[in-house]
Amino acid sequence: MKIRLTAAVGDNARMVEQLRARTADYEGRSAAFVLTFGQASEPGAGQAYAQDVNESLRKARPDMFADATTRDFWSKGASGAADLEIYFFTR
């Protein structure tokens, strides 16, 4: 599943809110791994944003992301957005 999240840097409450809404259809499933591409003009800032998003995953849906492996990546662009690729365990 792919989703796009937009929230100001440091606005973890908005990240959690969006993640809950965008993963609602997958409630009851468990994520195996998540690749998160944080946008920023520089790699360090993008990876830091991706890390914030990944930490918000566990706050948004603890059961879904408790055991998920996450990776923080950078994507060049305006700060305050991230693209996530979420891979679930098969049933």
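Please keep in mind throughout that the model is predicted.

I begin with the charged side chains. Side chains of opposite charge can pair when their charged atoms come close. Across the whole structure, the search returns three salt bridges.

Let me take Arg4 and Asp83, whose side chains meet in a salt bridge with an N to O distance of 2.8 Å. Arg4 belongs to strand S1, residues 2-6, and Asp83 to strand S4, residues 81-88, so this contact ties together parts that lie 79 residues apart in sequence. How accessible are the two partners? Arg4 is partly exposed, at 38% relative accessibility, and Asp83 is also partly exposed, at 28%.

The salt bridge between Arg14 and Glu17 has its closest N and O atoms 3.3 Å apart. Both residues sit in helix H1, residues 12-23, and because they are three residues apart there, about one helical turn separates them. Arg14 counts as partly exposed at 35% relative accessibility, and Glu17 is partly exposed with a relative accessible area of 48%.

I turn next to Arg61, which forms a salt bridge with Glu27; here the closest N and O atoms are 4.0 Å apart. Arg61 is in the loop between helix H2 (43-60) and helix H3 (62-65), while Glu27 is in the loop between H1 and strand S2 (31-40), so the pair ties together parts 34 residues apart in sequence.

I now move to the aromatic rings, where the count comes to three aromatic pairs.

Tyr26 is partly exposed, its relative accessible area being 28%, whereas Phe88 is buried at 14% relative accessibility.

Phe33 and Tyr87 also form a stacked pair, at 4.6 Å centre to centre and with 20° between the planes. This pair likewise links distant parts of the chain: Phe33 lies in strand S2 and Tyr87 in strand S4, 54 residues apart. Phe33 is partly exposed, with a relative accessible area of 35%, and Tyr87 is partly exposed, at 35%.

Note on methods
Residues numbered from 1 in each chain as written. Predicted model: local features only at pLDDT ≥ 70, side-chain atom pairs only at ≥ 80, totals over all residues. Heavy atoms only, no water. Helix = DSSP H or I, 4+ residues; strand = E, 2+ residues; numbered from the N terminus. Buried < 20%, exposed > 50% of the residue type's maximum accessible area, 1.4 Å probe, protein only. Phe/Tyr/Trp six-rings, centres within 6.5 Å; stacked < 30°, edge-to-face > 60°.
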